[in-house]
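Please look over this model with me. My comments are set out point by point.

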Amino acid sequence: MKYRTLGKTGIRVSEIGFGSWQLANDPHMWVGADLEESIKCLYKYVELGGNFIDTAWIYGYDEKFPDKHPSEELIGKFMAESGNRGKVTVATKIPGKNMKWPAWQGIDIDEVFPEDWIISCVEDSLRTLRTESLDLVQFHVWQDAFVDRDEWKQTIQKLTEDGKVKHWGISANDYQPSNCIRALDTGLIDTVQFIFNIFHQKPTEKLLPYALKNNIGLIARVPFDEGGLVGKFNSDTIFAKGDFREEYFTKDRLAELIKRTEGLKLLFGPEASTFPELALKYILSFDAISTVIPGMRRLYQVESNLAASGDRLSSELMEKLKQHAWERNFYTNPDPSMEATGFIEA
C-alpha cells in the first residue's frame, strides 16, 4: 500500500480508502449487506495497509430509528474491538438538516446547516464512532453562497477549539466539482470529496489544479460509476428490488454503458488488466488526489481494490482515457431549467 498526504491536514492516508455507504444496509439506496462480512472487510482492509475510512451520519439511516447511525456504529464497533483507533483516520459527514440532496442555489443555509444542527450531528458522530475527537467532518452537501454567512464559520471554529473536530471538509454536490472553491478560499476547509472517474473528468479542469496549488486534500468518490466501471453489467442485468440502480441504469442507459465499457476493454494490457484496476489507477495517476474511496462490502472487493495501489498509468494511456469521458447526471432526470438552479455544473 502506498500513502499520500491529505492536503494541509498533514495526515498520511492510504491512497485506497474505504467507502462505507454500502457497509450497513441503507433502506433508501443499498440492500444486501451482510453485517458480519462488513466487519471482516474492515479488518481485512486494515490488515492490508488501509488506514482511511469514509462514512456519514446518514449512511444506513432509517427515519423509524432516528438515534441510529448504522455505518458509523459499525465502524465504531470495529475500532473499539480491534484497537485500531490510533492507526485509522475516519472521515464522517453532516447531512443538511432539510435532508435534501443536492443543496440547490438560492437555498438559505439556515435550512441546511444551522448552528445547533452542526453541533448536534457532531455529538452524534462522537458517540456512534466511540471517539473523543473526530478526525475529519465534511458538510454532506454544499452551495458556495453559504460562504456569505459567518455563523457556520464560527461554529466549526468553536468545535475545533473544543477539540471535538480536528479538520473540516466539504463533500461537493454531485457533478458540481467547482461548487466549493469560495469555501476553500476562506482557509477553514482542508479537504474536498467529489465524484471523479473515467467517465466524469470535469474535476481536472478547475478543482484539481486549485487543490494542487493550495494544498487541499482531495477524496475521490464513485470511482466505479455506481458499478458501471466494474465491468459486470450486461443487457440482462437486473438489480435487486430497492437498489437505486434500478433507476440509475435504465434500459437505454445500460445499453450505452455496455457500449462504452466494451471500448474501454481495448485499453487493457500490462498497465491495467481489469476494469477496477483501470478505474482506480486512472484516478491515482493525478498528483492532486489524496485518496480514492471505492465502496466495499465483500472481502474479495477489499483485496482486489487494494491491489490497485502502486504504479501510475503512463501518459500515453492517460491521454487515451481522455477520449472516454461521458459527462451526464444519472441521479436525476433534469430538465433544461435545472441547469439555471445549479443542479449540473456547466
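The notes below cover a cavity and then a strand with its partners.

1. Keep in mind that this is a predicted model.

2. Start with the empty space. Rolling a probe the size of a water molecule over the atoms shows where such space is left. The structure holds one cavity of 30 Å³ or more. The space in the largest cavity comes to about 50 Å³.

3. Which residues line the largest cavity? The lining is made of M79, R85, V90, T92, L129, T131, L134, D135 and L136. By type, five are nonpolar, two are polar and two are charged.

4. Now place that lining on the strands. β5 (89-94) and β6 (134-139) each give at least two residues to the lining of the largest cavity. The largest share is from β6, with three residues.

5. Turn to strand β9, residues 217-221. Is β9 mostly covered or mostly open? Strand β9 is mostly covered, with five of its five residues buried.

6. From β9, G217, I219 and R221 point one way. L218 and A220 point the other way. Both sets are buried.

7. Strand β8 (residues 191-195) pairs with β9 over five bridges, in the parallel sense. F194 has A220 of β9 as its bridge partner. Between β8 and β9, the chain passes through helix α7 (residues 207-214). This β-α-β crossover is right-handed.

8. Strand β10 (residues 291-292) also runs parallel to β9, and two bridges join them. Here A220 has V292 of β10 as its bridge partner.

Conventions:
Residues are numbered from 1 along each chain as its sequence is written. This is a predicted model: local features need pLDDT of at least 70, side-chain atom pairs count only at pLDDT 80 or more; totals for chains, interfaces and linings use all residues. Side-chain values use heavy atoms; hydrogens and water are left out. On a 1 Å grid over the protein atoms alone, a cavity is a set of points where a 1.4 Å probe fits but cannot get out, and a pocket is an open set with protein on both sides within 12 Å along at least five of seven lines; lining residues have an atom within 4 Å of a point. Grid points are joined across faces, edges and corners, and a volume is the space filled by probe spheres set on the points. Helices (H or I, at least four residues) and strands (E, at least two) are DSSP runs, numbered from the N terminus. Ala, Val, Leu, Ile, Met, Phe, Trp, Tyr, Cys and Pro count as nonpolar, Asp, Glu, Lys and Arg as charged, and the others, Gly among them, as polar. Buried means under 20% relative accessible area, exposed over 50%, partly exposed in between (1.4 Å probe, protein chains only). Two strands pair if DSSP finds at least two bridges between them. A crossover is right-handed if, with the strands pointing away from the viewer, the path from the first strand over the helix to the second runs clockwise.
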